[in-house]
Amino acid sequence: MELDRDWATASSSAAVLLVMGTRWTCPGPSLFVLFCCAMAQGDQDSDQLYNETMAKAFLQFYERTAQVVWNRFMEAAWNYVTNITKKNQEEMLYKDVEKSQHTLYFGTRARLFKIANFQDPDVKRMLSKLLNVDKAALPKEELREYNQILAYMETTYSMAQVCLNEGPCLPLEPDLEEVMATSRDQKELLWAWQGWRDAVGRQLRMTFERYVQLSNKAAKLNGYQDMGALWRSKYESDSLQEDLEQLFQELQPLYLNLHAYVRRALYRFYGPELIDLRGPIPAHVLGNMWAQSWVNILDLALPFPEKPPEDITKIMQGQHWKPEKMFQEAEKFFTSMGMLSTPPEFWTNSMMERPTDGREVECHASAWDFYNGQDFRIKKCTEVTIEDLLSIFHQMGHIQYFLQYKNLSVIFRAGANPAFEEAVGSVVTLSASSHKYLLNRGLLSQQHQDKEEEVNFLMSVALEKIAFIPFAYLMDLFRWKVFDGTIEKDMYNQEWWNLRLKYQGLCPPIPRSEEDFDPGAKFHIPASLPYIRYFLSLVLQFQFHEALCKASGHMGPLHHCDIYNSKEAGKLLEDVLKLGSSKPWPEVLEKMTGETKVSTKALMTYFKPLLNWLVTENVRQGEILGWPDFSCSFEERETGRTAFLGMELNPDQVRSGQWTLLVLSFVMLLAVLLLGRRLYTLEKTSLTQDTSTQDTRSQGTQSQSPRSQDANAIEPASKTYFLGIAMEPHQVVKRQWMLLGLCLFLMLCSIGLIIRIFTQHNRKPLWMRDEWGSWD
Ligand SMILES: [Zn+2]
């Protein structure tokens, strides 16, 4: 009854102090009575102790304590990421351990309840959620190490900078991101791209290996195969991976058409030196550090460049927008739908801009719930741009979710699944980026959009959302494979690029090696944040959008819809958000959309006009969808053509050239061997003849006439020919030796050339070689 005693003693606040080494809110008189009963019954049958009534008391106890412990951790974590110092890191790590102890304490006890016999589905669901204690399952020392690794990785990422030769060092936000977005100089882009990966990825390589080991150990202690399996368990679905793959396949026509179209646009701008019309796109010219969104190169890829969209960023700057106004604008959207407004603390506690007091901060945008029902914050280094305005709408979607479920148990204070959390803000950005909304908010002046302008508009949305599809998918495909061991640690970078080639049709602009760790240069990998939620959310947000537009009474094309001001849409959204994670997500989805499955139908409807235009355009240009040529823009392939013996040839011609050379050198080898053999015999004969001639001469002087001596000496020489010319044997031998030398020299040259061609081929990483096959 060791556990029983623990649990019973934990019912007094003094005991809690003992167990956790920290101050907790007293669970209250009714709970206290219950726990006294538990103590009294301590020696009775455990079935009675772990019954449903006791489970409810246990959960209430958990509730009160968790709110305090989580709040304290969130405070410490916030203090750290908004002021990165050693002291703040220590404080955060301390609070993190405290939170883990709490999680472990309740997780191990939750196991003792016989949930199968319980009636209340909420109690069953809550207890089952407590069973997963995540990293808290690790032994104390390893937990400490794991937390330190996580802090190290995230901080390395947040503090990294890339330095100019003789100038200042640039952080990712806003400087490097701006270079990637606005520069059209491929050397400058490469500098930022490579610099960022050297500054972050390379530094994390070794640590990441240990992170994987400890993650898997924690997962196994929770009863999962590996950490990937634990991450996937949040979706409560046995067919998650197959379902995701199917969604991905359904979206392929859109992505492949966009890819081919954008590749052509880049080819027009950068030329054949950089872009191969049959190959993958170099990852540094797509307007984004990770090539996950291509919207920043809209200017290069505008379907109707004679009708450019208005520059909303410029309009915002002209209207003197400030970051706070951008947050107010986003909040107004939710309140216009009759949804909740943020409490005053939000406006005083949030970090809306990068501080100017010299503090080191983590700039990656995020929304925070402090689990006390009144403190919610956003951290973002806002710049006045339309992209940041839409990103704030997204973050405010998280805050709205927090506000809506704040009265649920902390166990249910989460999205129906992680993708729901991401989809809420994004669904609002779909309305907020519509022409109707922007016009009403004074951010556009042109009253109407014609068909061509609509295609331009849809292209801008597609460059943001469709371009993101394969990236959002492969981020976790990569980590799942790392966690389950399919990708071994000496292949991390190579396999990363294999996936980027296979799914995104991208290649690195310069050769990469296993010294590099390019996945580490993306925030969610050092921050250990799962990513598949963004992929699912991408599909889900259109499904939500369609349902909310329908509720708002919208008629006409889906991309015209704006749910601003619609109380009906607001009510529907609110009803769903209020549920938190208290119900299985298919139920929640059904409540909003009438469907129980995630579907690409709404997304395809939204982009239908663009897809039609893209297909026509790509057929007109004779585009090849996919990337059958795997060559990248390394020095070997400067154009679609390859240099071969100083000539610019296409790959097929080069291949025939290589074969011809190979055959030629074999022929030469044979010729050399035959010639060598002939020479050997000839020389042997000539030596014999020379000797016999000399012998004959010496004998002849004694016995034969001078005339017959001459005839004997000249006779064999007159029969020796070289290339049809009769000459003396010693001359023939000399020339044949020269020929043999020449043949040998030519053969060596050919072999040298062949070796060079093959090593050039083999110098390419595995993922760039033809044997990796085509994928389309
Ligand atoms: Zn988000």
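**Zinc site and surface patch**

Q: His-394: buried or exposed?
A: His-394 is buried, at 16% relative accessible area. Buried means under 20%, exposed over 50%, partly exposed in between (1.4 Å probe, protein chains only).

Q: What am I looking at, and how is it numbered?
A: This is a predicted model, with residues numbered from 1 along each chain as its sequence is written. Local features need pLDDT of at least 70, side-chain atom pairs count only at pLDDT 80 or more, totals for chains, interfaces and linings use all residues, and side-chain values use heavy atoms, leaving out hydrogens and water.

Q: Which residues are the protein donors of the zinc ion?
A: His-394 (NE2), His-398 (NE2) and Glu-422 (OE), lying 2.1 Å from the zinc ion. Donors are N, O and S atoms within 2.8 Å of the metal (3.2 Å for Na, K and Ca); water is not among the atoms, so the site may look incomplete.

Q: How are they spaced in sequence?
A: The pattern is H-x3-H-x23-E. His-394 sits in helix α18 (residues 386-404) and Glu-422 in helix α19 (residues 418-432), so this pair ties together parts 28 residues apart in sequence. Helices are DSSP runs (H or I, at least four residues), numbered from the N terminus.

Q: And Glu-422, buried or exposed?
A: Buried, with a relative accessible area of 4%.

Q: New topic. Which residues form the nonpolar patch on the surface?
A: Phe-666, Leu-669, Leu-670 and Leu-673, with about 410 Å² of accessible area together (Shrake-Rupley, 1.4 Å probe). Nonpolar side chains are joined within 5 Å, from residues with over 30% relative accessible area and no salt bridge (Lys or Arg side-chain nitrogen within 4 Å of an Asp or Glu carboxyl oxygen).

Q: Where is Leu-670?
A: In helix α28 (residues 651-703). Leu-670 is exposed, at 54% relative accessible area.

Note on methods: Helices (H or I, at least four residues) and strands (E, at least two) are DSSP runs, numbered from the N terminus. Patches are made of residues with over 30% relative accessible area and no salt bridge: like charges are joined within 9 Å, nonpolar side chains (Val, Leu, Ile, Met, Phe, Trp, Tyr) within 5 Å.
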